Amino acid sequence: MRDTAPNSWESRADAHSLYGFTDLPSIHARGAVVLTHGEGPYVVDVHGRRYLDANSGLWNMVAGFDHPGLIAAAKAQYDRFPGYHAFFGRMSDQTVMLSEKLVEVSPFDRGRVFYTNSGSEANDTMVKILWFLHGAEGKPERRKILTRWNGYHGVTVVSASMTGKPYNSVFGLPLPGFIHLTCPHYWREGRPGESEADFTRRMAQELEDVIAREGADTIAGFFAEPVMGAGGVIPPSAGYFQAIQPILKKHGIPLIADEVITGFGRTGHVWGSQTYDFTPDAIISSKNITAGFFPMGAVILGPELADRVQAAAEAIEEFPHGFTASGHPVGCAIALKAIEVVMNEGLLDNVRALTPRFEAGLRELARNPNIGEWRGKGLMGALEAVKDKATKTPFDSKLSVSERIANTCTDLGLICRPLGQAVVLCPPFIITEAQMDEMFDKLGQALTKVF
Ligand code: PLP
């Protein structure tokens, strides 16, 4: 429980923080967990308590918190060249090498990369690229952006408008022209008696209807996470991307895969779009791109968009966009190492090897009468709490059952994330079998205490 002394870390954190995305009654009662360092998949707080971080920080610390190779790559690059932008005809050698590497590991045979500092900015940048492109091609009215309810794309004004979460209304968002389609979550959104195949057909028909209603030539692009992450780990219904991609193609609407969470291994392939067997027109990457060791995002354009955007830029002699730290050499050096670590040093193999055990652990805990559904892909999973399993009736959201489960886990030395009525697990890729058992054991104890 919280230390209320005025000079405690908890009180000092409270005094000067505008907490983002934090349940305030709970934090006032319990105090913030103030961390000093990490050890593998564990983090340690100012009181010396260790927590197994089944959140991977925020989905991103996939190699753990003290990976020596990543720390060495960062230190070496800080010694060599601590910072630079990627404009005005200059960029670091690391930036050149990372762009080559990103295109090489992408599903594209050719492409172009643009760097940002975050996933939000990468989505924002992609929207600007589309608006720039359509304007340059004589179709400036192609500005609307299609996304889905429960999709999460970030917090900047544009990426928050893309995000399908009701809380954005407190900011007066979304902006006009950001249209949210139904979340393709068969368990929650499927109608009584509707098969999964019929549900997927209904999602595709909805897309056709929205395009017909809005007019294809007013739509700039469609953004989707291969597996929704912050919406509560929601894999798409079977055949979803195969059903919608031909419709988008027919209407000339680019399909952008937001792979900020799913990129670099989380679902068992390098890209979530590979796991779901579709090739998007562009990829948004962040988080795992540096294994969380540096803030970085990237837009990776596939060949067709790359050629069209490049031609549009050539026509006005410039693509007028960029951030001071775009293509930061330290971030690029870390990303090069992170990609090597994930792809060549066994992390991706570990995701694949441990996925069956992860799924078995989720399935076992879902036998609890108050868990309505387990779901997941690779090493991202969720348990959805319900008041009534048979009718799927949710708990009153104000009671925030998932928050209570997560708080109980924290007390037991496990960090997991409440998202809506779901508890989400996305452990670092370095997790061992024993640590996975510890994770499920503690979560099981928490479920028993709360229900
Ligand atoms: N897109 C997805 C799928 C995300 O999960 C996130 C963050 O969680 C973002 C975009 C935004 O990234 P950032 O928080 O780095 O701005």
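# Close-up views of a predicted model

View 1. Helices (H or I, at least four residues) and strands (E, at least two) are DSSP runs, numbered from the N terminus.

Residues are numbered from 1 along each chain as its sequence is written. Because the model is predicted, local features need pLDDT of at least 70 and side-chain atom pairs count only at pLDDT 80 or more, while totals for chains, interfaces and linings use all residues.

**View 2. The whole protein.** The protein has 16 helices and 15 strands. Its C-alpha atoms fill a box of roughly 65 × 60 × 45 Å, taken along the principal axes. The radius of gyration is 22 Å, which agrees with the value near 22 Å for a compact globule of 451 residues; this radius is taken over C-alpha atoms, and the globule rule is 2.2 Å times the number of residues to the power 0.38. Of the 451 residues, 47% are buried. A residue is buried if 20 or more other C-beta atoms lie within 10 Å of its own, exposed if 12 or fewer, and partly exposed in between, with C-beta atoms placed from the backbone.

View 3. Strand S5 (residues 144-148) is mostly covered, with five of its five residues buried. Lys-144, Leu-146 and Arg-148 point one way from S5, and Ile-145 and Thr-147 point the other way. In a regular strand the side chains alternate between the two faces of the sheet. S5 runs parallel to strand S7 (residues 219-224), joined by three bridges; two strands pair if DSSP finds at least two bridges between them. Lys-144 has Ile-219 as its bridge partner in S7. With strand S6 (residues 178-181), S5 pairs in the parallel sense over four bridges, and the partner of Ile-145 there is Phe-178.

**View 4. A sheet of four strands.** The order in this open sheet is S1-S2-S3-S13, and the pairing is mixed. Strand S1 (35-39) and strand S13 (414-415) stand at the edges with a single partner strand each, so one side of each is left without a neighbour in the sheet. Strand S3 (residues 50-53) and S13 run parallel and are joined by two bridges. Asp-53 has Ile-415 as its bridge partner in S13.

**View 5. Where the two domains touch.** The domain assignment, which is automatic or from a database, gives domain 1 (33-66 + 346-450) and domain 2 (70-344). Their C-alpha centres lie 26 Å apart. The contact takes 25 residues from domain 1 and 23 residues from domain 2, where two residues are in contact if their C-beta atoms, placed from the backbone, lie within 7 Å. On the side of domain 1 that touches domain 2, helix H14 (347-365) is among the elements that supply at least two residues. H14 gives the largest share of that side, five residues. By class, that side has 14 nonpolar, seven polar and four charged residues.

How values were computed
Nonpolar A, V, L, I, M, F, W, Y, C, P; charged D, E, K, R; others polar.
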